[in-house]
Amino acid sequence: MTHLPYIAASYAIGIVLPSGFGIAAWLRASAARRRLLAIDPRAQAREAARRGRDGGDGP
Amino acid sequence: MTRKRRRLVLLLACGIGVGSATAIALTAFSDNLVFFKAPSDLTRDPPPPGRVFRLGGLVQAGSLERTTEGRTPIATFRVTDGRATVRVTYAGILPDLFREGQGTVALGTLQPDGTFRASEVLAKHDETYMPRDVADALKKSGHWHPNAGPPPPASKWPTESAIEAARTKAGG
Amino acid sequence: MENVSAFGPSERPTRQTPAGPKRRGPNLHRFANPGRFLRLSGAILPWLTVIGIAVTAFGLTWGLFFSPPDWQQGDTVRIMYVHVPAAWLASAGYFSLAVCAVLSLVWRHPLADLAAQEIGPVGAVFTAICLATGSLWGKPMWGAWWVWDARLTSVLVLFFLYLGQIALIRAFDDPQRGYRAAAILALIGSVNLPIIKFSVDWWNTLHQPASITLTGAPTIAPAILWPLLYSAIGYTLVFAAIVLARLRAAVMERRVRTLLLARADHAASGAGAVAA
């Protein structure tokens, strides 16, 4: 391939940055969910309903 | 008028205000927003001597000459916009994409003899993207020569299957 | 109470609690209910993520290994499969900020403010990807990492508008003030969007004009256009998935804050033991 370093750097940027942001968002959402489940009866009910529907093998 | 309606109207009014202010400002500064001057701009409105500016246009077919002075490559070529042409000299390595018939933008000054001495040359490519075999087929069929300007519209391009068919016919 | 200034600070949106009275009006407020939003987005998000990653991977793999090199740019044209989707999402992301701003300023939609807060950083990242890959494409092809032509400059301005919005929306102790200031900035900044789009037509630029237009046939051969479409759709889904995940986190974090505050109030008022 011609100009391989430029192409490789572009793809690295285009893959690493969105992945990093995606993973960070996922971690943040699961942390918020854990905290909410600990204190919110409504969220606990929602979680229970979800688990019931899924057959009890939710994450 | 409900509050919602009033906020909407106010927002639209602000939008029209900001939009027209921007439009007026851009029109007023339009001359400064162009990245380069075309050769015909120079004849119509010649820049003051010694002023550094950018000159842009197509590299005229058959005008490119390469020499070397010591170890420095020297390129001379003509830049055209169809109405006027300017002769450009440049000492240095041209970008990979630079070729006759291709767009170019050069930074430099106009000399008293009317040539443009460039200190930097950039290649400007057009918005067409095609594989080599499509370009070759266009060239072979006589629809287009890269040095003569931009390729024909995409609707005139041969399809991959047509190229394949032509290749098998030529081979068999 | 007659409020003279339409955007006056005295007019605060009243928070809709899920238990509150059913509100009449536009259906937009359907999604203002945090519980319903979390349920709906929770059902969509896994699909959005999986399909987005799959389509992006498909488009990028096709573009990187199986699409033909351009007749004059050679393999460097493959940078397009990252650069063009990033550029599209930079603009589309800012457009969605402007939509959120209207929803927030006119309809006082509570989710629109949170959405604006979460879209900002994601849009800024995609704008940064667009600028970085554009630079990496410009050096080998044009011969320059950067030029101050109208297209590149207006995209750089877009990046700074994103940074301004990100800072402004978090700048106030009272989040409502930040939301309002950021919404106004987003709306004013949206005049930059047509400038970005048409800069290559209105002025001489080093950047080439659009290859895909609404009116004419695309000036890209199908073998190069298809992987580009796949990676553009894939990146768009990924962008939406990241925003949705962040928005879910923000909604849950807000609910946690509200509950903790209510608890603290309860305890402070001396109503007895902390309700567990």
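Colleague: Over residues 35–207 of chain C, what are the helix and strand percentages, and how far apart are the end C-alpha atoms?

Modeller: First the ground rules: this is a predicted model, so local features need pLDDT of at least 70 and side-chain atom pairs count only at pLDDT 80 or more, while totals for chains, interfaces and linings use all residues. Residues are numbered from 1 along each chain as its sequence is written, chains are lettered from A and ligands numbered from 1 in the order written, and side-chain values use heavy atoms, with hydrogens and water left out. Helices (H or I, at least four residues) and strands (E, at least two) are DSSP runs numbered from the N terminus. On that basis the stretch is 80% helix and 0% strand, and its end C-alpha atoms are 47 Å apart.

Colleague: Which UniProt feature is listed for residues 35–207 of chain C?

Modeller: UniProt positions are given here in the numbering used for this model, feature names are shortened, and annotations may be inferred rather than shown by experiment. The entry is unreviewed, and for that range it lists "domain: Cytochrome c assembly protein".

Colleague: How many salt bridges are there over all chains?

Modeller: The rule asks for a side-chain nitrogen of Lys or Arg within 4 Å of a carboxyl oxygen of Asp or Glu. One of them, inside chain B, pairs B:Asp41 with B:Arg44 at 3.1 Å; these two sit three residues apart in helix α3 (residues 39–44), about one helical turn. Over all chains, the count is six.

Colleague: Which two chains does the salt bridge between C:Glu118 and A:Arg28 join?

Modeller: The N to O distance in that salt bridge is 3.0 Å. C:Glu118 belongs to helix α3 (residues 110–141) of chain C and A:Arg28 to helix α1 (residues 4–39) of chain A, so the chains joined are C and A.

Colleague: Is C:Glu118 buried or exposed?

Modeller: The cut-offs are under 20% relative accessible area for buried, over 50% for exposed and partly exposed in between, using a 1.4 Å probe and protein chains only. C:Glu118 has a relative accessible area of 1%, so the label is buried.

Colleague: Which residues make up the salt-bridge network that includes C:Glu118?

Modeller: C:Glu118 also forms a salt bridge with C:Arg246, again with closest N and O atoms listed at 3.0 Å. C:Arg246 lies in helix α7 (residues 222–268) of chain C, so this pair ties together parts 128 residues apart in sequence. Through shared partners, the salt bridges link up A:Arg28, C:Glu118, C:Arg246 and C:Glu253.

Colleague: Which backbone atom lies 3.1 Å from a polar atom of the C:Thr56 side chain?

Modeller: C:Thr56 is in helix α1 (residues 34–66) of chain C and is buried at 7%. Its side chain also reaches the backbone nitrogen of C:Tyr235 at 3.3 Å. The atom at 3.1 Å is the backbone oxygen of C:Gly234.

Colleague: How far apart are the C-alpha centres of domain 1 and domain 3 of chain B?

Modeller: The bounds come from an automatic or database domain assignment. Chain B splits into domain 1 (3–32), domain 2 (35–124) and domain 3 (132–171). Between the centres of domains 1 and 3 the distance is 47 Å.

How values were computed: A polar contact is a pair of N or O atoms within 3.5 Å; within protein, one must be able to donate a hydrogen and the other to accept it, and residues adjacent in sequence count only if both atoms are side-chain atoms.
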